[in-house]
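I have a new structure open and want to get my bearings. These are my notes, in the order I looked things up.

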Amino acid sequence: MIDTPWPAGPFEFGEVLRIAIALLWAILFSDVLRRFVPIPRITCYALAGLMLGPLGLGWFEVQDMPRFRMLIDLALALLLFELGVQVNLRWLRTNLWVVAGSLLESALAFAAVFGLLLALHMDAKLAAVIAAIAMGTSPAVVMCVAAETRAQGQVTQRMLVLAALNTAYAIIASKLIIGGLHGAFKGDWLLAVMHPLYLILGSFGIGTALAFAFKLLRRRFDFSDEQGGVILFALLLLTLSALEALNLPVGLAPLFGGALVKFIDPRPHLWPRYFGTAGAVLFTLLFVLPGAAVTWHDLASGAGVALALLLVRGLAKGCGALTFGPASGLSLRQSLALGLALSPMAALALLLVQDIRLIYPAFGNEAAAIVFTLMTVLELAGSVAVQWALRSAGETREGGA
Amino acid sequence: MGLGAFARSEALTLGVELELQLVNTHDYDLVSAAPDLLRFLSRRKLPWDIKPEITMSMIEIATGVCHRHADALSQLGEIRDALVAAADSLNIGICGGGTHGFQHWGERRIFESRRFGHLSDLYGYLAKQFTIFGQHVHIGCPDPDSALYLLHALSRFVPHFIALSASSPFVQGHDTGFHSARLNSVFAFPLSGRAPYVQTWDAFDAYFESMVKTGVVESMKDFYWDIRPKPEFGTVEVRVMDTPLTITQAARLAAFVQSVARYLLVERPFEPGESDYLVYTFNRFQACRFGGQGTYVDPESNAHRTLSEELDATFARIEPHAMALGADQACSELLRSLRTGEGDAALLRREFAETGSLPETVQRQCQRWRAA
């Protein structure tokens with residue numbers, strides 16, 4: 001065939017088209033839906049994603065996920081770094097009740113999920129992994145809903161901090177348990193101990209490097225302007241590539257790096273909401289793309305267990321928040337709102353499951369059906385719950401100037 | 001509610017009230033944390049008065065009755081420490097300053113109480129615009145008539161108080177060019193300004209009664225005057241000062257007001273008159289706008305001089321009284337801070353120039369408040 005400047009059918013469209021359609025569809029759908037129901041934008045994005053995924057049009061499938069992994073990773077890294085910056089470690093040192101509340105709500109959530117799965121005769125190792133993942137609150141959901149409602153106050157601040165902490169616990173615990181699985185599957189106990197240790201220390205190392213690089217660059221650049229925003233993106237891309245090269249998990253390093261930045265430099269660290277337009281694109285995809293992961297088969301096999309898990313996990317987090325809430329300076333009403341606001345699960349849980357699947361394909365599938373179903377419900381309902389909780393705590397500033 | 005009798009108080013005793021800013025520690029914007037902070041503080045029995053103010057990002061502290069500058073300073077220190085500890089537990093920042101540099105008034109929330117709800121209904125957006133932070137100093141008066149003498153005599157020193165305390169150059173994210181922009185927000189209220197020129201308590205009572213009859217006011221609280229009598233306490237309350245950045249400065253200001261009051265009550269150096277008020281708003285404006293560099297028009301001689309010159313002359317006149325009150329050092333440090341350009345407004349401008357960021361300026365305000 002002779003090279004011709006003219007296109008020849010059939011036309012080949014790559015990933016770009018699918019991403020474009022996903023973005024367009026998500027925004028249009030959200031725009032229309034929100035005229036009728038006052039729910040958070042991200043809830044609409046997640047719904048739009050489900051419609052594009054195997055549950056609906058089949059435009060995206062779970063096999064596609066690795067191709068979009070880079071976008072999801074970057075979105076999460078940006079969010080987790082920002083979340084980290086909002087974690088004031090000095091405060092946690094001053095008010096130990098907040099830490100106690102965090103440990104308790106996570107421990108109760110783990111125990112409740114683990115206990116229920118055992119009672120349902122699930123394999124203990126599988127149950128432990130799911131329980132570890134279920135400790136985490138979706139940082140993406142709580143941050144995006146807080147940003148969208150412009151919430152500010154004690155409940156908002158604690159929701160963000162507790163989400164940061166339990167996300168860290170979830171990542172660390174799931175890696176530790178996977179380490180244990182190494183031992184169990186392969187009989188290699190040295191690796192079982194050393195590998196999680198490597199993952200955790202490695203993440204802290206990269207996080208530390210990120211924090212000091214940020215501090216160094218802040219001397220020259222204002223991160224709230226365009227140039228600074230580009231630098232911040234670049235810094236997190238650099239972090240991601242280092243994490244990838246070293247086979248380290250995505251979540252821990254940016255989170256820890258952010259918290260370290262605030263610890264070594266308590267000045268305000270501010271950048272545009274959603275990191276500007278590029279960030280907004282990434283975050284939209286972060287909520288749309290997980291829709292690709294859930295199939296009818298997952299829902300059918302996971303729904304019963306997932307709903308039971310949702311209840312016990314919600315109860316556990318609520319009890320955890322209520323127990324130490326008043327001692328840490330919240331009213332009962334605020335404590336309840338906080339417990340509710342900790343319910344969302346989303347993309348991060350998906351990534352954790354995918355990581356497990358990569359190492360143990362057979363093992364991951366069973367967990368996947370349950371976690372994906374749980375995640376789907378808790379992304380949709382969880383984001384509405386957060387909105388409701390923050391409103392009832394009187395901390396949203398919607399419709400203001 | 002009537003005016004009531006003028007309570008007995010020991011002459012020249014002192015009480016200090018400070019309205020403070022509550023900010024978050026992330027972007028240092030104001031945060032509606034007053035209910036949280038009050039709830040947290042209510043667990044401990046504190047001897048001090050800590051009260052909500054009209055919007056939820058404000059809190060007001062008050063000392064008990066003090067005799068000397070040193071009492072006021074030590075009481076303010078104890079309240080400050082208790083507040084800072086509570087705020088640390090809640091991850092809130094507390095700071096001084098007459099305005100918050102970049103808050104948006106529209107985002108403020110009215111503190112839920114009957115009185116504040118009523119004020120909000122009455123004044124509309126002015127109530128939210130009233131998120132400004134002042135220092136009030138009460139001076140004990142031996143009897144109501146000398147209270148009214150003091151009130152009117154003190155009016156000549158209002159520019160002094162403003163220039164020495166000014167700490168509100170930034171409003172809604174911009175440098176206003178004023179040293180104290182806070183008072184501009186007070187002027188919007190219909191019952192602000194100055195008290196009517198009456199010299200006896202009976203005449204004042206009659207004025208108050210006729211105002212109540214008009215249905216415009218219910219209590220003395222409805223008058224937003226620069227200086228007003230507080231019959232329940234038996235004091236005259238000077239309300240024109242911005243909240244300074246530190247309690248050190250707040251105590252010095254109180255000592256200065258007390259020394260001027262002693263000078264007036266002991267020496268009775270002049271008889272105030274209605275004509276004093278001809279230049280009152282001009283002088284007041286000059287002090288707000290230009291601080292020490294503003295023009296001061298002497299109400300008696302109509303001579304024009306800079307407020308700095310007037311301040312020097314005033315310090316010389318009140319010095320023996322300051323010494324008698326053990327306030328001479330506090331007063332001279334106050335004057336020095338203005339002369340050397342270390343007044344709070346100048347300080348805030350310098351910090352903004354250094355950091356290029358109002359959030360960071362507010363963060364430094366918080367550090368300054370806890371440190372000194």
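Predicted model: local features only at pLDDT ≥ 70, side-chain atom pairs only at ≥ 80, totals over all residues.

**Entry 1: a helix in chain B**

I began with helix α9 of chain B, residues 247-267. At 1.5 Å a residue its 21 residues should span 30 Å, and the end C-alpha atoms are 30 Å apart, which agrees. For the expected span I took 1.5 Å times one less than the number of residues. Helices (H or I, at least four residues) and strands (E, at least two) are DSSP runs, numbered from the N terminus.

Residues are numbered from 1 along each chain as its sequence is written, chains are lettered from A and ligands numbered from 1 in the order in which they are written, and side-chain values use heavy atoms, with hydrogens and water left out.

Next I checked how covered α9(B) is: 17 of its 21 residues are buried. Buried means under 20% relative accessible area, exposed means over 50%, and partly exposed is in between (1.4 Å probe, protein chains only). After the helix comes B:Arg268, with a positive phi near 40°.

**Entry 2: the cores**

Which residues have the most contacts inside the largest nonpolar core? I found A:Phe81, A:Ile130, A:Ile133, A:Met159 and A:Leu286, in a core of 132 residues. Helix α8 of chain A (residues 154-186) gives the most to this core, with 15 residues. Apart from it lies another core, of 126 residues, and B:Val137, B:Phe161, B:Met211 and B:Val260 are among them. By nonpolar core I mean a set of buried Ala, Val, Leu, Ile, Met, Phe, Trp, Tyr and Cys residues joined through side-chain atoms within 4.5 Å.

I then listed the contacts (heavy atoms within 4.5 Å) of A:Phe81. Leaving aside neighbours within four places in sequence, A:Phe81 is in contact with residues including A:Leu210, A:Phe214, A:Pro254, A:Val261 and A:Trp271.

I also looked at A:Ser174, which is found in helix α8 of chain A. A:Ser174 has a relative accessible area of 1%, so I wrote it down as buried. Not counting residues up to four places away in sequence, A:Ser174 touches A:Ala132, A:Ile133, A:Tyr169 and A:Leu352.

**Entry 3: a strand with two partners**

Is strand β5 of chain B enclosed or open? Seven of the seven residues of β5(B), residues 134-140, are buried, so the strand is largely enclosed by the rest of the structure. I sorted the side chains by direction: B:Gly134, B:His136, B:His138 and B:Gly140 point one way, while B:Gln135, B:Val137 and B:Ile139 point the other way.

Two strands pair if DSSP finds at least two bridges between them. Strand β1 of chain B (residues 14-24) runs antiparallel to β5(B), joined by five bridges. Strand β11 of chain B (residues 235-242) also pairs with β5(B) in the antiparallel sense, over six bridges. I followed B:His138 both ways: B:Gly15 stands opposite it, and in β11(B) its bridge partner is B:Glu237.

**Entry 4: cysteines**

B:Cys331 is buried at 2% relative accessible area, whereas A:Cys319 is partly exposed at 41%.

**Entry 5: salt bridges**

I got 32 salt bridges over all chains, each a side-chain nitrogen of Lys or Arg within 4 Å of a carboxyl oxygen of Asp or Glu. B:Asp298 and B:Arg305 form one of them, with the closest N and O atoms 2.9 Å apart. B:Asp298 counts as buried at 15% relative accessibility, but B:Arg305 is partly exposed at 24%.

B:Glu351 forms salt bridges with B:Arg364 (3.8 Å, N to O) and with B:Arg368 (2.6 Å between the closest N and O atoms). B:Glu351 lies in helix α13 (residues 344-355) and B:Arg364 in helix α14 (residues 358-371), both of chain B, so this pair ties together parts 13 residues apart in sequence. B:Glu351 is buried, at 8%, while B:Arg364 is partly exposed, at 25%.
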